[in-house]
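Good morning. I will go through one structure today, so please have a look at it before I start.

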Amino acid sequence: MFVDRVKIFVKGGDGGRGCVSFRREPYVPKGGPDGGRGGDGGDVLLEAVGHQNTLLPLRYHTEFRAERGEHGGPSNRTGARGPDLVIAVPPGTEAVEEATGLSLGEVLHEGERLRVARGGGGGRGNRSFLSNRNRAPRESEPGGTGEARWLRLDLRLIADVGLLGFPNAGKSTLLSRISAARPKVADYPFTTLTPVLGVVEVDDRTFVVADIPGIIEGAHEGAGLGLQFLRHVERTRVLLHVVDASGLSGRAPDADLRAVLEEVRQWNPALLERPQMVAASKRDVAGEPDPLPALAAAAGGRGLAVRPVSAVTGAGLTELRRALLRLVDATREAPALEGRAP
Ligand SMILES: Nc1nc2c(ncn2[C@@H]2O[C@H](COP(=O)(O)OP(=O)(O)OP(=O)(O)O)[C@@H](O)[C@H]2O)c(=O)[nH]1
Ligand SMILES: [Mg+2]
(Lines give C-alpha, C1' and ligand atoms only; values in the text may rest on other atoms or scores of the structure.)
(Ligands and ions follow the chains in the order given, each with its own letter.)
Protein backbone atom coordinates (compact mmCIF):
# COMPACT_ATOMS: atom_id res chain seq x y z
CA MET A 1 0.00 0.00 0.00
CA PHE A 2 1.15 3.49 -0.83
CA VAL A 3 1.08 6.00 2.02
CA ASP A 4 2.32 9.54 1.54
CA ARG A 5 1.31 11.19 4.83
CA VAL A 6 1.79 9.97 8.41
CA LYS A 7 1.96 11.41 11.92
CA ILE A 8 4.68 10.26 14.28
CA PHE A 9 5.94 11.19 17.73
CA VAL A 10 9.66 11.75 18.19
CA LYS A 11 11.67 12.41 21.33
CA GLY A 12 15.39 12.96 21.73
CA GLY A 13 17.07 11.05 24.55
CA ASP A 14 17.48 12.83 27.88
CA GLY A 15 20.95 13.83 28.96
CA GLY A 16 22.73 11.70 31.56
CA ARG A 17 22.97 12.97 35.16
CA GLY A 18 26.19 14.57 36.40
CA CYS A 19 28.04 12.59 39.08
CA VAL A 20 28.90 13.62 42.65
CA SER A 21 32.10 11.93 43.75
CA PHE A 22 35.36 12.66 45.58
CA ARG A 23 38.75 11.31 44.82
CA ARG A 24 39.77 8.68 47.38
CA GLU A 25 43.24 7.31 47.07
CA PRO A 26 45.87 6.25 49.52
CA TYR A 27 48.33 9.07 50.33
CA VAL A 28 46.01 11.69 48.82
CA PRO A 29 44.17 13.16 51.75
CA LYS A 30 41.14 15.28 50.94
CA GLY A 31 41.04 14.32 47.28
CA GLY A 32 39.00 16.86 45.37
CA PRO A 33 35.66 16.46 43.63
CA ASP A 34 35.89 14.22 40.57
CA GLY A 35 32.28 13.61 39.47
CA GLY A 36 32.07 13.56 35.67
CA ARG A 37 29.52 14.93 33.29
CA GLY A 38 26.55 12.98 31.95
CA GLY A 39 26.49 12.04 28.28
CA ASP A 40 24.21 13.86 25.82
CA GLY A 41 21.00 12.09 24.83
CA GLY A 42 20.73 10.69 21.31
CA ASP A 43 19.06 12.63 18.50
CA VAL A 44 16.20 11.37 16.36
CA LEU A 45 17.06 11.62 12.65
CA LEU A 46 15.30 10.97 9.37
CA GLU A 47 17.41 9.27 6.72
CA ALA A 48 16.46 8.90 3.05
CA VAL A 49 16.81 5.32 1.82
CA GLY A 50 16.57 4.39 -1.84
CA HIS A 51 14.75 1.09 -1.56
CA GLN A 52 11.58 2.54 -0.10
CA ASN A 53 8.94 4.69 -1.77
CA THR A 54 6.10 4.68 0.74
CA LEU A 55 5.68 5.85 4.33
CA LEU A 56 3.60 2.76 5.05
CA PRO A 57 5.86 1.27 7.78
CA LEU A 58 5.43 4.48 9.80
CA ARG A 59 1.69 4.04 9.88
CA TYR A 60 2.13 1.16 12.30
CA HIS A 61 5.22 2.28 14.16
CA THR A 62 4.56 5.83 15.25
CA GLU A 63 6.67 6.48 18.32
CA PHE A 64 10.41 7.04 18.25
CA ARG A 65 12.42 7.75 21.39
CA ALA A 66 16.19 7.99 21.25
CA GLU A 67 18.18 6.59 24.17
CA ARG A 68 19.33 8.68 27.10
CA GLY A 69 22.95 9.58 27.72
CA GLU A 70 24.84 7.57 30.31
CA HIS A 71 25.26 9.16 33.74
CA GLY A 72 28.62 10.66 34.61
CA GLY A 73 30.99 8.62 36.78
CA PRO A 74 33.77 9.07 39.33
CA SER A 75 37.32 9.91 38.23
CA ASN A 76 35.88 12.57 35.94
CA ARG A 77 34.39 9.97 33.69
CA THR A 78 31.94 11.49 31.18
CA GLY A 79 28.92 9.34 30.44
CA ALA A 80 28.62 7.90 26.95
CA ARG A 81 26.43 9.75 24.48
CA GLY A 82 23.07 8.07 23.80
CA PRO A 83 22.98 6.53 20.32
CA ASP A 84 20.99 8.38 17.65
CA LEU A 85 17.74 6.86 16.49
CA VAL A 86 17.51 6.81 12.70
CA ILE A 87 14.13 6.57 10.93
CA ALA A 88 14.30 5.34 7.34
CA VAL A 89 12.07 7.28 4.92
CA PRO A 90 11.83 7.54 1.13
CA PRO A 91 13.72 10.37 -0.59
CA GLY A 92 11.36 13.32 -0.91
CA THR A 93 10.03 13.20 2.67
CA GLU A 94 9.42 16.49 4.45
CA ALA A 95 9.03 16.83 8.23
CA VAL A 96 6.47 19.37 9.47
CA GLU A 97 5.97 20.14 13.16
CA GLU A 98 2.31 19.44 13.99
CA ALA A 99 1.94 22.15 16.62
CA THR A 100 3.28 25.03 14.53
CA GLY A 101 2.89 23.85 10.95
CA LEU A 102 6.53 24.78 10.41
CA SER A 103 8.72 22.70 8.14
CA LEU A 104 11.83 21.29 9.75
CA GLY A 105 13.26 20.42 6.35
CA GLU A 106 13.31 17.50 3.97
CA VAL A 107 15.55 14.67 2.83
CA LEU A 108 15.85 14.51 -0.93
CA HIS A 109 18.78 12.25 -1.73
CA GLU A 110 19.72 8.80 -0.59
CA GLY A 111 21.77 8.96 2.60
CA GLU A 112 20.69 12.52 3.44
CA ARG A 113 19.77 13.03 7.10
CA LEU A 114 17.65 15.53 8.99
CA ARG A 115 17.55 15.93 12.76
CA VAL A 116 13.93 16.07 13.94
CA ALA A 117 14.47 15.90 17.74
CA ARG A 118 17.60 16.93 19.58
CA GLY A 119 18.81 14.93 22.56
CA GLY A 120 19.13 16.70 25.93
CA GLY A 121 22.58 17.84 27.09
CA GLY A 122 24.45 15.89 29.77
CA GLY A 123 24.40 17.40 33.29
CA ARG A 124 27.61 18.67 34.87
CA GLY A 125 29.25 16.64 37.61
CA ASN A 126 30.44 18.10 40.92
CA ARG A 127 33.94 18.53 39.54
CA SER A 128 32.57 21.45 37.46
CA PHE A 129 31.35 23.23 40.59
CA LEU A 130 34.80 23.42 42.21
CA SER A 131 35.74 27.02 43.07
CA ASN A 132 37.90 28.87 45.54
CA ARG A 133 34.93 29.37 47.78
CA ASN A 134 33.69 25.83 47.51
CA ARG A 135 36.45 23.26 47.60
CA ALA A 136 34.11 20.31 48.15
CA PRO A 137 30.98 20.89 46.08
CA ARG A 138 28.20 18.37 46.42
CA GLU A 139 26.24 19.77 43.52
CA SER A 140 25.63 18.24 40.14
CA GLU A 141 23.07 18.75 37.39
CA PRO A 142 20.44 16.42 36.05
CA GLY A 143 20.60 15.89 32.29
CA GLY A 144 18.56 18.10 29.98
CA THR A 145 15.28 16.79 28.62
CA GLY A 146 15.30 15.63 25.01
CA GLU A 147 13.20 17.58 22.53
CA ALA A 148 9.77 16.00 21.96
CA ARG A 149 7.23 16.77 19.24
CA TRP A 150 4.59 15.39 16.95
CA LEU A 151 5.55 15.48 13.31
CA ARG A 152 3.68 15.15 10.09
CA LEU A 153 5.76 13.45 7.41
CA ASP A 154 4.83 14.41 3.90
CA LEU A 155 6.16 12.45 0.95
CA ARG A 156 6.45 13.83 -2.53
CA LEU A 157 8.21 11.35 -4.74
CA ILE A 158 11.26 12.44 -6.62
CA ALA A 159 11.32 11.63 -10.31
CA ASP A 160 12.73 13.35 -13.37
CA VAL A 161 9.68 12.83 -15.54
CA GLY A 162 6.02 12.68 -14.51
CA LEU A 163 3.42 10.94 -16.68
CA LEU A 164 0.09 12.71 -17.06
CA GLY A 165 -3.00 11.67 -18.93
CA PHE A 166 -6.55 10.39 -18.91
CA PRO A 167 -7.27 7.00 -17.36
CA ASN A 168 -6.62 4.17 -19.83
CA ALA A 169 -4.35 6.36 -21.99
CA GLY A 170 -1.56 3.79 -21.77
CA LYS A 171 0.70 5.43 -19.17
CA SER A 172 1.48 2.29 -17.21
CA THR A 173 1.97 0.21 -20.35
CA LEU A 174 4.42 2.81 -21.61
CA LEU A 175 6.34 2.82 -18.33
CA SER A 176 6.51 -0.97 -18.34
CA ARG A 177 8.01 -0.86 -21.86
CA ILE A 178 10.66 1.79 -21.23
CA SER A 179 11.71 0.70 -17.73
CA ALA A 180 11.94 -2.38 -15.55
CA ALA A 181 8.93 -1.24 -13.51
CA ARG A 182 5.88 -3.52 -13.73
CA PRO A 183 2.88 -1.36 -12.92
CA LYS A 184 -0.53 -2.96 -13.25
CA VAL A 185 -2.03 -2.60 -16.73
CA ALA A 186 -5.65 -3.24 -17.66
CA ASP A 187 -8.32 -2.09 -20.06
CA TYR A 188 -10.36 -0.09 -17.58
CA PRO A 189 -9.96 3.40 -16.12
CA PHE A 190 -8.17 3.90 -12.81
CA THR A 191 -6.10 0.75 -12.96
CA THR A 192 -3.24 2.62 -11.38
CA LEU A 193 -4.20 3.65 -7.85
CA THR A 194 -0.83 4.66 -6.44
CA PRO A 195 2.28 6.19 -7.97
CA VAL A 196 4.94 3.88 -9.40
CA LEU A 197 8.51 4.83 -10.19
CA GLY A 198 10.58 3.33 -13.00
CA VAL A 199 14.20 3.85 -14.00
CA VAL A 200 14.62 4.40 -17.73
CA GLU A 201 17.94 3.62 -19.42
CA VAL A 202 19.04 5.16 -22.67
CA ASP A 203 22.53 5.53 -24.16
CA ASP A 204 24.15 4.50 -20.85
CA ARG A 205 22.24 7.17 -18.99
CA THR A 206 19.28 6.87 -16.67
CA PHE A 207 16.39 8.95 -15.45
CA VAL A 208 13.37 8.23 -13.26
CA VAL A 209 9.77 8.32 -14.47
CA ALA A 210 6.72 8.49 -12.18
CA ASP A 211 3.44 6.94 -13.30
CA ILE A 212 0.43 8.32 -11.44
CA PRO A 213 -3.30 7.59 -11.58
CA GLY A 214 -5.21 9.07 -14.49
CA ILE A 215 -6.71 12.55 -14.37
CA ILE A 216 -10.19 13.41 -15.61
CA GLU A 217 -12.10 16.59 -16.20
CA GLY A 218 -13.22 18.12 -12.92
CA ALA A 219 -10.34 16.45 -11.09
CA HIS A 220 -9.39 19.73 -9.45
CA GLU A 221 -12.86 19.67 -7.86
CA GLY A 222 -12.33 16.13 -6.62
CA ALA A 223 -13.70 14.06 -9.52
CA GLY A 224 -12.16 10.65 -10.11
CA LEU A 225 -9.20 10.10 -7.87
CA GLY A 226 -8.90 13.85 -7.64
CA LEU A 227 -5.61 15.57 -8.02
CA GLN A 228 -4.12 14.27 -4.82
CA PHE A 229 -1.49 12.46 -6.83
CA LEU A 230 -0.44 15.50 -8.77
CA ARG A 231 1.68 16.46 -5.80
CA HIS A 232 3.94 13.61 -6.87
CA VAL A 233 4.73 15.29 -10.17
CA GLU A 234 5.39 18.62 -8.49
CA ARG A 235 9.00 17.75 -8.08
CA THR A 236 9.50 16.26 -11.51
CA ARG A 237 11.50 18.35 -13.93
CA VAL A 238 9.70 17.26 -17.06
CA LEU A 239 6.07 16.36 -17.79
CA LEU A 240 5.12 13.75 -20.38
CA HIS A 241 1.51 13.83 -21.50
CA VAL A 242 0.33 10.41 -22.62
CA VAL A 243 -2.64 10.79 -24.94
CA ASP A 244 -4.57 7.92 -26.50
CA ALA A 245 -4.16 8.65 -30.21
CA SER A 246 -5.76 5.47 -31.55
CA GLY A 247 -9.03 7.21 -32.21
CA LEU A 248 -10.73 4.26 -30.50
CA SER A 249 -11.22 5.78 -27.07
CA GLY A 250 -14.40 7.54 -28.15
CA ARG A 251 -12.86 10.89 -27.24
CA ALA A 252 -10.82 13.34 -29.26
CA PRO A 253 -7.12 13.25 -28.26
CA ASP A 254 -6.70 17.00 -28.72
CA ALA A 255 -9.61 17.57 -26.32
CA ASP A 256 -8.03 15.10 -23.86
CA LEU A 257 -4.77 17.02 -23.92
CA ARG A 258 -6.51 20.35 -23.40
CA ALA A 259 -8.57 18.94 -20.52
CA VAL A 260 -5.51 17.59 -18.69
CA LEU A 261 -3.61 20.84 -19.20
CA GLU A 262 -6.58 22.74 -17.76
CA GLU A 263 -6.79 20.49 -14.69
CA VAL A 264 -3.07 20.92 -14.08
CA ARG A 265 -3.37 24.68 -14.45
CA GLN A 266 -6.16 24.77 -11.86
CA TRP A 267 -3.99 22.78 -9.48
CA ASN A 268 -0.76 24.69 -9.88
CA PRO A 269 -0.11 26.89 -12.90
CA ALA A 270 3.64 26.84 -12.21
CA LEU A 271 3.71 23.20 -13.27
CA LEU A 272 2.89 24.23 -16.82
CA GLU A 273 6.11 26.20 -17.03
CA ARG A 274 8.10 22.96 -16.91
CA PRO A 275 9.40 21.41 -20.10
CA GLN A 276 6.71 19.09 -21.44
CA MET A 277 6.07 16.88 -24.41
CA VAL A 278 3.36 14.58 -25.70
CA ALA A 279 3.45 10.86 -26.39
CA ALA A 280 0.67 9.96 -28.83
CA SER A 281 0.01 6.39 -27.70
CA LYS A 282 -1.50 3.23 -29.18
CA ARG A 283 -0.44 4.14 -32.71
CA ASP A 284 -0.46 0.45 -33.70
CA VAL A 285 -4.24 0.55 -33.74
CA ALA A 286 -4.75 4.03 -35.19
CA GLY A 287 -8.08 4.14 -36.99
CA GLU A 288 -9.63 6.30 -39.69
CA PRO A 289 -9.95 9.23 -39.62
CA ASP A 290 -6.58 9.59 -37.95
CA PRO A 291 -6.79 11.92 -34.93
CA LEU A 292 -3.02 12.56 -34.88
CA PRO A 293 -3.04 15.80 -36.97
CA ALA A 294 -5.58 17.42 -34.62
CA LEU A 295 -3.51 16.39 -31.61
CA ALA A 296 -0.32 17.68 -33.21
CA ALA A 297 -2.02 21.01 -33.90
CA ALA A 298 -3.29 21.36 -30.32
CA ALA A 299 0.13 20.47 -28.91
CA GLY A 300 2.03 22.62 -31.40
CA GLY A 301 -0.10 25.61 -30.44
CA ARG A 302 1.36 25.28 -26.94
CA GLY A 303 4.87 24.62 -28.11
CA LEU A 304 4.79 20.93 -27.20
CA ALA A 305 6.49 18.33 -29.38
CA VAL A 306 4.51 15.17 -30.18
CA ARG A 307 6.02 11.69 -30.51
CA PRO A 308 3.83 8.92 -31.92
CA VAL A 309 4.51 5.65 -30.08
CA SER A 310 3.20 2.15 -29.67
CA ALA A 311 3.88 0.24 -26.50
CA VAL A 312 2.77 -2.91 -28.32
CA THR A 313 5.13 -2.80 -31.30
CA GLY A 314 7.78 -0.64 -29.57
CA ALA A 315 7.63 1.91 -32.39
CA GLY A 316 8.91 5.33 -31.38
CA LEU A 317 10.00 4.28 -27.88
CA THR A 318 13.75 4.78 -28.36
CA GLU A 319 13.19 8.20 -29.86
CA LEU A 320 10.87 9.03 -26.98
CA ARG A 321 13.48 8.01 -24.40
CA ARG A 322 16.14 10.13 -26.10
CA ALA A 323 13.84 13.14 -26.37
CA LEU A 324 12.97 12.83 -22.67
CA LEU A 325 16.62 12.52 -21.71
CA ARG A 326 17.39 15.72 -23.61
CA LEU A 327 14.65 17.58 -21.75
CA VAL A 328 15.80 16.17 -18.41
CA ASP A 329 19.41 17.11 -19.13
CA ALA A 330 18.39 20.62 -20.08
CA THR A 331 16.85 21.06 -16.63
CA ARG A 332 19.40 19.21 -14.52
CA GLU A 333 21.55 22.29 -14.14
CA ALA A 334 18.54 24.34 -13.10
CA PRO A 335 18.01 25.11 -9.41
CA ALA A 336 15.80 22.82 -7.33
CA LEU A 337 12.13 23.05 -8.17
CA GLU A 338 9.66 24.52 -5.75
CA GLY A 339 6.56 22.51 -4.96
CA ARG A 340 3.44 24.23 -3.76
CA ALA A 341 2.70 24.28 -0.07
CA PRO A 342 0.80 21.12 0.95
N1 LIG B 1 -3.02 -1.49 -28.93
C2 LIG B 1 -2.42 -0.88 -27.92
N3 LIG B 1 -2.97 -0.95 -26.68
C4 LIG B 1 -2.35 -0.32 -25.67
C5 LIG B 1 -1.13 0.40 -25.85
N6 LIG B 1 -0.75 0.92 -24.66
C7 LIG B 1 -1.70 0.54 -23.78
N8 LIG B 1 -2.65 -0.21 -24.36
C9 LIG B 1 -3.84 -0.80 -23.71
O10 LIG B 1 -4.61 0.23 -23.12
C11 LIG B 1 -5.20 -0.21 -21.89
C12 LIG B 1 -4.88 0.74 -20.77
O13 LIG B 1 -3.48 0.74 -20.53
P14 LIG B 1 -2.83 1.22 -19.15
O15 LIG B 1 -1.36 1.25 -19.38
O16 LIG B 1 -3.34 0.45 -18.01
O17 LIG B 1 -3.39 2.72 -19.09
P18 LIG B 1 -3.13 3.82 -17.94
O19 LIG B 1 -3.01 5.14 -18.63
O20 LIG B 1 -2.03 3.43 -17.06
O21 LIG B 1 -4.54 3.76 -17.20
P22 LIG B 1 -4.88 4.16 -15.66
O23 LIG B 1 -3.85 3.55 -14.79
O24 LIG B 1 -6.24 3.58 -15.47
O25 LIG B 1 -4.88 5.64 -15.62
C26 LIG B 1 -4.67 -1.62 -21.65
O27 LIG B 1 -5.62 -2.55 -22.09
C28 LIG B 1 -3.42 -1.67 -22.54
O29 LIG B 1 -3.15 -2.99 -22.97
C30 LIG B 1 -0.58 0.44 -27.18
O31 LIG B 1 0.48 1.04 -27.45
N32 LIG B 1 -1.27 -0.21 -28.15
MG1 LIG C 1 -1.96 3.05 -15.12
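How many bridges join S2 to S7, and do the two run parallel or antiparallel? There are 4 bridges, and the strands are antiparallel.

Some ground rules. This is a predicted model, in which local features need pLDDT of at least 70 and side-chain atom pairs count only at pLDDT 80 or more, while totals for chains, interfaces and linings use all residues. Residues are numbered from 1 along each chain as its sequence is written, chains are lettered from A and ligands numbered from 1 in the order in which they are written, and side-chain values use heavy atoms, with hydrogens and water left out. Strands (E, at least two residues) and helices (H or I, at least four) are DSSP runs, numbered from the N terminus. Two strands pair if DSSP finds at least two bridges between them.

Back to strand S2, residues 44-48. Leu45 stands opposite Val86 in S4, and Glu47 has Arg113 as its bridge partner in S7. In a regular strand the side chains alternate between the two faces of the sheet. In S2, Val44, Leu46 and Ala48 point one way and Leu45 and Glu47 the other. Of the 5 residues in S2, 5 are buried, where buried means under 20% relative accessible area with a 1.4 Å probe, protein chains only.

Now the largest nonpolar core. A nonpolar core is a set of buried Ala, Val, Leu, Ile, Met, Phe, Trp, Tyr and Cys residues joined through side-chain atoms within 4.5 Å. This one has 39 residues, and Val10 and Ile87 are among those that touch the most other members. Elements supplying at least two residues each include S1, S2 and helix H3. H3 gives the largest share, 4 residues. Apart from this core lies another, of 23 residues, including Val200 and Leu317.

Next, a second sheet to look at. It is open, with 6 strands in the order S10-S11-S9-S12-S13-S14 and mixed pairing. S10 and S14 stand at the edges with a single partner strand each, so one side of each has no neighbour in the sheet. Inside the sheet, S9 and S12 run parallel and are joined by 4 bridges; Leu164 has His241 of S12 as its bridge partner.

Helix H5, residues 317-332, lies across this sheet's strands, at about 95 degrees to S11. Axes here are lines fitted to C-alpha atoms, for helices over the stretch in contact, and angles run from 0 to 180 degrees between N-to-C directions. The axes of H2 and H5 come within 11 Å and cross at roughly 90 degrees. That makes H2 roughly perpendicular to H5, a label that covers 65 to 115 degrees. Contact means heavy atoms within 4.5 Å, and here it is made by Leu174, Arg177 and Ile178 of H2 and Leu317, Leu320 and Arg321 of H5.

Ser172 is in H2 and Thr192 in the loop between H2 and S10, 20 residues apart. Both are buried.

Notes: Buried means under 20% relative accessible area, exposed over 50%, partly exposed in between (1.4 Å probe, protein chains only). Angles under 35 degrees count as roughly parallel, over 145 as roughly antiparallel, 65 to 115 as roughly perpendicular and the rest as oblique.
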